[in-house]
Amino acid sequence: MNKRIILLAVLLTGTLMMKAQDKYFTRNGTITFYSKAPLENIEAQNKSVTCVLDTKTGNLQFALMMKGFEFEKALMQEHFNENYIESHKYPKSDFKGQIVNNDAIDYSKDGDYTAKVKGKLTIHGETRDVETLGKISVKGGKVIAAADFIIALEDYKVEIPKLVKDNISKTVKIAVGCSLDVLKS
Amino acid sequence: MKRKRIKRIIFFSAAIILVTVGLYAFSEYNRKVKDLSKVKADMEISAADILAEYEKDEAASNQLYLDKVIAVKGTVKSLEKNDKGHYSVVLGNENSMASVRCSMDSIHQRKAEDLVTGSVVTVKGACTGFNSNDLLGSDLILNRCVIQN
């Protein structure tokens, strides 16, 4: 009788612990974007990206504040916020999606895995489907999520002023780097 | 004779204007984002107060605070260093899911490294917005932060 209770308790705590370790998160991930153009290259980084990954379902979410992008030059930062992305109107950007091949990733074992990610990206108030390959690295209890992908400004209705149209790239490369910790609940 | 003089005056004034415009454009083009340690805060408020305002009405609070340089006084809940060595100071009540998250200016983050959890500090930063998440709680994000005292 006693043995059974102990066994039950062990099993219960086991499942509880497993449940608690399903979700990984960060609040200070980074997303950088690059735009290469004849006139000049533009680069900006956001260091307060939130990301939540549910390792059980493969659900993946990112969110950031548009005003959080830091540029080297003040003028670029102002133009980005005021003329291009209109961050006063659309302060947030997010991605909600899934790791499609989540079953192929063993979160309990250290290693690098290729993740096929699919979902909806919202920028400038416009939502579009995106699909990309990323990398999931499991290392010492942490999960590092990284991906690069390219978006077209036109898709998100970001208008480039006519005057500079030929000097600014119509696509932007986005690089995601998030080191996720276990969410203790 | 007179004509020549007028021509010369026009030429020199045009040159001066061109150079001034050029210099202005050049300095404007190279202008760096302001170092907030040299900027006076637009307003001062406690972490608890600004969080309460944001939780009550985000849109109205954005009208008030977004893009402003604000000095927020609060208790250090945690000090976080991400994988790239970048520091964030988290202010707020330990038992609350809401915090003010101060992303430190890389030039000034040294001062943040010595902060102790539980101490009271005033951090000055550019208000970047309110990010709420069902699971993680909500964060008011300040960017390019410097420790005021």
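Start by selecting β2 (42-54) of chain A and β6 of chain B: each supplies at least two residues of the lining of the largest cavity. Strands here are DSSP runs of E with at least two residues, and helices are runs of H or I with at least four, both numbered from the N terminus.

Before you go on, note that this is a predicted model, in which local features need pLDDT of at least 70 and side-chain atom pairs pLDDT 80 or more, while totals for chains, interfaces and linings use all residues. Residues are numbered from 1 along each chain as its sequence is written, chains are lettered from A and ligands numbered from 1 in the order written, and side-chain values use heavy atoms, without hydrogens and water.

**Stop 1: the cavity**

Now show A:Asn46, A:Ser48, A:Met65, A:Gly68, B:Thr128, B:Ile141 and B:Asn143, which line the largest cavity. Its volume is about 30 Å³, and the structure holds one cavity of 30 Å³ or more. On a 1 Å grid over the protein atoms alone, a cavity is a set of points where a 1.4 Å probe fits but cannot get out, a pocket is an open set with protein on both sides within 12 Å along at least five of seven lines, and lining residues have an atom within 4 Å of a point. Points are joined across faces, edges and corners, and a volume is the space filled by probe spheres set on them. Colour the lining by class and you will find two nonpolar residues, five polar and no charged; Gly counts as polar, and Asp, Glu, Lys and Arg as charged.

**Stop 2: the second largest pocket**

Next, select A:Gln77, A:Glu78, B:Val33, B:Asp67 and B:Arg144. The second largest pocket has a volume of about 540 Å³, and of the 23 residues that line it, these five are the closest to its centre: A:Gln77, A:Glu78, B:Val33, B:Asp67 and B:Arg144. The largest share, five residues, comes from α2(A). By class, this lining has seven nonpolar, six polar and ten charged residues.

**Stop 3**

Zoom to A:Cys51 and A:Cys178. Over all chains, the count comes to zero disulfides. A:Cys51 is buried at a relative accessible area of 1%, and A:Cys178 is buried at 0%. Buried means under 20%, exposed over 50%, and partly exposed in between (1.4 Å probe, protein chains only).

**Stop 4: A:Lys142**

Stay in chain A and pick A:Lys142, found in strand β8 (residues 142-152). A:Lys142 is partly exposed, with a relative accessible area of 34%. Leaving aside neighbours within four places in sequence, it is in contact (heavy atoms within 4.5 Å) with A:Ser137, A:Ser179, A:Leu180 and A:Asp181.

**Stop 5: the whole of chain B**

Finally, zoom out to chain B, which has four helices and six strands. From the N terminus on, they run α-β-α-α-β-β-β-α-β-β. The C-alpha trace spans about 85 × 35 × 25 Å along its principal axes. Of the 149 residues in chain B, 42% count as buried.

Methods:
A disulfide is a pair of cysteine sulfur atoms within 2.5 Å.
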